[in-house]
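I opened my notebook for a slow look through this one. Here is what I looked up, entry by entry.

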Amino acid sequence: MSNKFYITTPIYYVNASPHIGHSYTTIAADVLTRFKRRVLGKENVRFLTGTDEHGQKIQKAADAAKLSAQSFVDQTSQQFRDLWKSLDVSYDDFIRTTQPRHVKVVQKCLEIIFKKGDIYEGKYEGLYCTPCETFWLEAQAVGGLCPDCHRPVERIVETNYFFKLTKYQDWLLGYLRENPDFIKPGSRYEETLRFLELNKLNDLCISRPKERLSWGIPLPFAPEHVTYVWFDALVNYISAVGEFDARDNYVSKWWPAELHLMAKDILRQHTVYWPIMLHALNIELPKRVFAHGWWMLNEDKMSKSRGNVVNPLEMVEKYGLDAYRYFLLREVPFGLDGNFSEEGIIKRYNSDLANDLGNLVYRTLTMVEKYFDGNIPDLKLNGSTKSVAEILAKIEHLPVRVFSALDEQNFSLALESIWELIGMANKHVEETKPWNLAKENKQEDLKEFIRLLVDVIRAVADKLEIFIPQTAASIQEQFVGDKVKKGNPLFPRIETKKK
Ligand code: MSP
């Protein structure tokens, strides 16, 4: 087990504003970062995100905005940093592919691989989708359309540089077979393995002639060409945390990454191109690549090119940040697709946050005030009845259950186990009927009852800090030493009009 944790998100294209899909990966990474900081200490955790700023799409967007490419990317990259701030995303480093630290490492990588003979000059002829900046095989571009965005592809012939992926196909297959945990979820591992077993890789075209595209990093050995965006972008994971020494060895305190997070749209780049690039550079592979599913809107992937994006800030304004974070992580098992809807958020909000969590906190603090003048009863609990014993056991096991789920990137399961405890506590209130204990003047029973609920809430708030830090803080603020200071209900119910 490694005693450090280096986690990354994709670096996002700055040709468009961030939407819910981008926020999903980044919030997931934030949660894993908060979890690992707790286990390993803040100084042993590194959370990298950033922006992918080169390439044709971005050049086009800058042209359309009548700005120079650089000032365009300066503005749009800032939008991502602003959004992460609003979403309580606690990244440690933000890399931009236009930064000198990145450009330097990309050029070094190209030089090393070129010297080694794994990059060569050749003629490229193929079907190209300009908006997606992707070459497609004849078989993929059915009807002359890009399989991704469904726009027409163009036939292009030009001199370019190629990276010898073919040379490493067998090595990669061997590596994957020996490391079944390298790609998660398992379905994506199988998919990658099948792909490599059934297809012969083509060498990867890693350059673009400058006359077609100038907004990129020049190849050090052929400056009339710039680097293909994917070759440039993937390198961010190493350029942010290390450098090459005089003997071309990569040196980094953080590498290898424990986890690269992304959605399934960019699985292939991370499980085929990237491992082969690293191997050619004689650099260790990341420990794990996790490709989660897509947020869909009405059965279609949410994406800028399909024009069906939802702005995260709008949702946060309407429902609050923590309801938004909670919904994303709880609604869909990480790895599967999910349909995004406001009705879905409202449902989760009213049931899990208002009814279960908010209600437990509010009713408990009300009782501490009513029965004990705001003083938390001081006593050591033992399992005096079956249901008390069950709740105590649940509190005790909660850290293990939450942490082991998070070690498998299973956010919904981690949250479910917290909500199981909340549910047990609420049920215990209904079954115990504390108002009767008070009427019959059963002080000791009442003390035990209240103390148990307080312990539940504290255990819950402590774990919630990982997922919904603001809510955790506002619960914790209501406990001051051995007294309570009741605040407003955490999640006032959202009333929906009946049709
Ligand atoms: N720039 C490349 C990534 C380079 S990483 C070395 C890129 N950028 S992107 O802006 O298109 O971001 C893609 C990523 O954004 C996905 O992999 C995922 O993390 C997130 N998402 C974008 N749309 C999404 C959904 N509809 N649903 C879930 N996540 C989505 O690709």
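These entries cover the ligand, a sheet, the aromatic rings and a few backbone details.

**Before starting.** I noted that this is a predicted model, so I read each value below as computed from it.

**Ligand shell.** I started with the residues around the ligand. There are 25 of them, and Ile 11, Thr 25, Asp 52, Trp 295 and Met 302 come nearest. I sorted the shell by type and got 14 nonpolar, eight polar and three charged residues.

Next I looked for N and O atoms facing the ligand. Asp 265 has a polar side-chain atom 3.0 Å from a ligand oxygen. For His 22, a polar side-chain atom sits 3.5 Å from an oxygen of the ligand. Gly 21 takes part through its backbone: an N or O atom there is 3.4 Å from a ligand nitrogen.

**Who builds the shell.** Which elements give two or more residues to the shell around the ligand? I found strand 1 (5-13), helix 1 (20-40), helix 7 (229-234), helix 8 (236-239) and strand 14 (259-263). Strand 1 gives the most, with four residues.

I followed four strands that form an open sheet in the order 5-4-6-8, with antiparallel pairing. Strand 5 (134-136) and strand 8 (204-205) are the edges, each pairing on one side only. I zoomed in on strand 6 (residues 154-163), which pairs with strand 8 over two bridges. Phe 162 has Cys 205 in strand 8 as its bridge partner.

**Aromatic pairs.** I counted 25 aromatic pairs in the structure. One of them is Phe 35 with Phe 403, a tilted pair at 5.1 Å centre to centre and 45° between the planes. Phe 35 lies in helix 1 and Phe 403 in helix 13 (residues 386-407), so the pair ties together parts 368 residues apart in sequence.

**Another pair.** I found both Tyr 349 and Phe 491 buried.

**A ring cluster.** I also traced ring pairs that link Tyr 24, Phe 290, Trp 295, Phe 327, Phe 334, Phe 340 and Phe 411 into a cluster. Trp 295 was already in my notes, as one of the residues that come nearest the ligand.

**Cis peptides.** I checked omega next. A cis bond joins Lys 184 and Pro 185, with omega about -5°; Pro 185 lies in the loop between strand 7 (183-184) and helix 6 (186-198). The bond from Trp 255 to Pro 256 is also cis, with omega near 0°, and Pro 256 is in the loop between strand 13 (250-252) and strand 14.

**Positive phi.** Last, I looked at phi. Asp 88 is not a glycine, yet its phi is positive, about 60°. Asp 88 sits in the loop between helix 3 (69-86) and strand 3 (93-96), and at 22% relative accessibility it counts as partly exposed. His 150 has a positive phi near 65° and lies in the loop between strand 5 and strand 6. With 53% relative accessibility, His 150 counts as exposed, because the cut-off for that word is over 50%.

Notes:
Residues are numbered from 1 along each chain as its sequence is written. This is a predicted model: local features need pLDDT of at least 70, side-chain atom pairs count only at pLDDT 80 or more; totals for chains, interfaces and linings use all residues. Side-chain values use heavy atoms; hydrogens and water are left out. Two strands pair if DSSP finds at least two bridges between them. A residue is near a molecule or strand if one of its heavy atoms lies within 4 Å of it. A polar contact is a pair of N or O atoms within 3.5 Å; within protein, one must be able to donate a hydrogen and the other to accept it, and residues adjacent in sequence count only if both atoms are side-chain atoms. Ala, Val, Leu, Ile, Met, Phe, Trp, Tyr, Cys and Pro count as nonpolar, Asp, Glu, Lys and Arg as charged, and the others, Gly among them, as polar. Rings of Phe, Tyr and Trp (its six-membered ring) pair if their centres lie within 6.5 Å; planes under 30 degrees apart count as stacked, over 60 as edge-to-face and the rest as tilted. Buried means under 20% relative accessible area, exposed over 50%, partly exposed in between (1.4 Å probe, protein chains only).
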